[in-house]
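Biologist: Could you walk me through this one? I'd like to start with how the chains meet and then look inside them.

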Amino acid sequence: MFGFLRFFVVGFVGLTVLFILLTIYVRSLTRERLEKEWVEEGSIGARDDYVQKGMDDYAQSIRPKLLLGVYILPMITFCVIFYMTNFM
Amino acid sequence: MRYVKWTLIALIVLIVGSFLHYTLPQHDIVRIVGTNTERTIVAGNRSIFWSSGESTRDVQFIQTVKANGKTMEYRNEDTGWSWPPYFKFDTSSLYTEASDAESDKANPEWYSITHYGWRNEVLSIFPNAIAIKPVVGPDATSFPWLNTIILPFLAIVLLLIRRMWLQFRERTIDPLVEDAGEAWDVVDDKADALKDGAREKARGIKGWFSSLRK
C-alpha cells in the first residue's frame, strides 16, 4: 500500500513538473511564431497587440489542452505494462 | 583536456548503457530444468540487484539450460511498485508456470524467458524472470518490440529537453544578457562623457594658467 502511494505521488509530481515545463515551452514557441507572422504580414499595427491576440486565440484553442496527454499517456502505458506483466 | 573530455563522455555512455542493459527486457531461449526456493541473505551493496524487502528472506529461483549447454539461473521476485517499472506481482503464478514447463534432455521443451538484470557468479546476482512462453525450438527468435519503442522514445525525450533548453536560452536568457549589456553601455557612455567633461575643464584651467604666464 505504501509502495502504491509512493509510486503515484512521485509519478504525479514528476508529471506535473513535466507538464509545467512543456506548457512554458509551447507558449514560448507560439509567441515566437506569432512575432514572425507579424513581420511576414508586413508589420501592420502594434506588435504587442497582434501577439497578445494570437496568444489569447491559442489559449482558447484545443492545443494547450492536448498537453494533458502528459498525464494520460503514462497512465495508459502503466495500465498496458501492468496487464502484460501480470495477466498475459 | 581532450582526453579528459573523451574519458568523461565514455564514462557517461558506459553508465547509461549499463543501466539500460540492466533494466530493459531481454529474451533467452532456454529449457527449464527446475525451480526451487532458497533462504537468501541480501545484504549491503548487493541489495540494489535484488527486489526490496527483508534482507534475509526466501527467494524463488528458476534453473535453466540454454541450447548451447550453458546454464542460466533466474530469480523470481516481485518488482511491485518500485524500480524497474515492470509492476510484477505474479511471482507465484510464474513459479507455477515454470514448474509446469520443466523438461529433460531426452524430450526438451523450449521456452522464451523474458527477464531483466544480470547473472554474476562472483557478486551472486541473478536476472529477474518476468514471463515465460513456449517457443517452437531452440533457434526461435523474437523481435524486441518494447526496446524498439523505448529506446527511440528516450532519444526523442533527450532531443526535446535539448530543444526546450535552447528555446529557453534564446527567448529568456539571451534578452536578459542583452539588456544587461545595453544597461552597461549606457553607464559606460555616461562615464566617458564625465571623463571627457573633466578633461575639457582641466584643459580650460590649464589654458587659463598658461594665458596668465604670457
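**Where the chains meet**

Modeller: In this predicted model, 13 residues of chain A are in contact with 13 residues of chain B.

Biologist: Which elements give two or more residues to the side of chain A that touches chain B?

Modeller: Those elements are α1 and α4 (69-87) of chain A, and the largest share, nine residues, comes from α1(A).

Biologist: And by class, what does that side of chain A have?

Modeller: The side of chain A that touches chain B has seven nonpolar, four polar and two charged residues.

Biologist: Staying with chain A, at what angle do helix α1 and helix α2 pack?

Modeller: Helix α1 (residues 2-40) and helix α2 (residues 47-60) of chain A pack at about 135 degrees, with their axes 9 Å apart. Because angles over 145 degrees count as roughly antiparallel and 65 to 115 as roughly perpendicular, this makes α1(A) oblique to α2(A).

Biologist: Which residues make that contact?

Modeller: From α1(A) they are A:T30, A:R31, A:L34, A:E35 and A:W38, and from α2(A) they are A:R47, A:Y50, A:V51, A:G54, A:M55 and A:Y58. By class, the contact of α1(A) with α2(A) has six nonpolar, two polar and three charged residues.

Biologist: Switching topic, how many residues does the largest nonpolar core have?

Modeller: That core has 16 residues, and those with the most contacts inside it include B:I32, B:Y111 and B:I132. The largest share of the core, four residues, comes from β5(B).

Biologist: What does B:I132 touch?

Modeller: Leaving out residues up to four places away in sequence, B:I132 touches B:L94, B:E97, B:A98, B:A101, B:Y111, B:S112 and B:I113.

Methods: Residues are numbered from 1 along each chain as its sequence is written. Chains are lettered from A and ligands numbered from 1 in the order in which they are written. This is a predicted model: local features need pLDDT of at least 70, side-chain atom pairs count only at pLDDT 80 or more; totals for chains, interfaces and linings use all residues. Axes are lines fitted to C-alpha atoms, for helices over the stretch in contact, and angles run from 0 to 180 degrees between N-to-C directions. Angles under 35 degrees count as roughly parallel, over 145 as roughly antiparallel, 65 to 115 as roughly perpendicular and the rest as oblique. Two residues are in contact if their C-beta atoms, placed from the backbone, lie within 7 Å. Ala, Val, Leu, Ile, Met, Phe, Trp, Tyr, Cys and Pro count as nonpolar, Asp, Glu, Lys and Arg as charged, and the others, Gly among them, as polar. A nonpolar core is a set of buried Ala, Val, Leu, Ile, Met, Phe, Trp, Tyr and Cys residues joined through C-beta atoms within 7 Å. A residue is buried if 20 or more other C-beta atoms lie within 10 Å of its own, exposed if 12 or fewer, and partly exposed in between; C-beta atoms are placed from the backbone.
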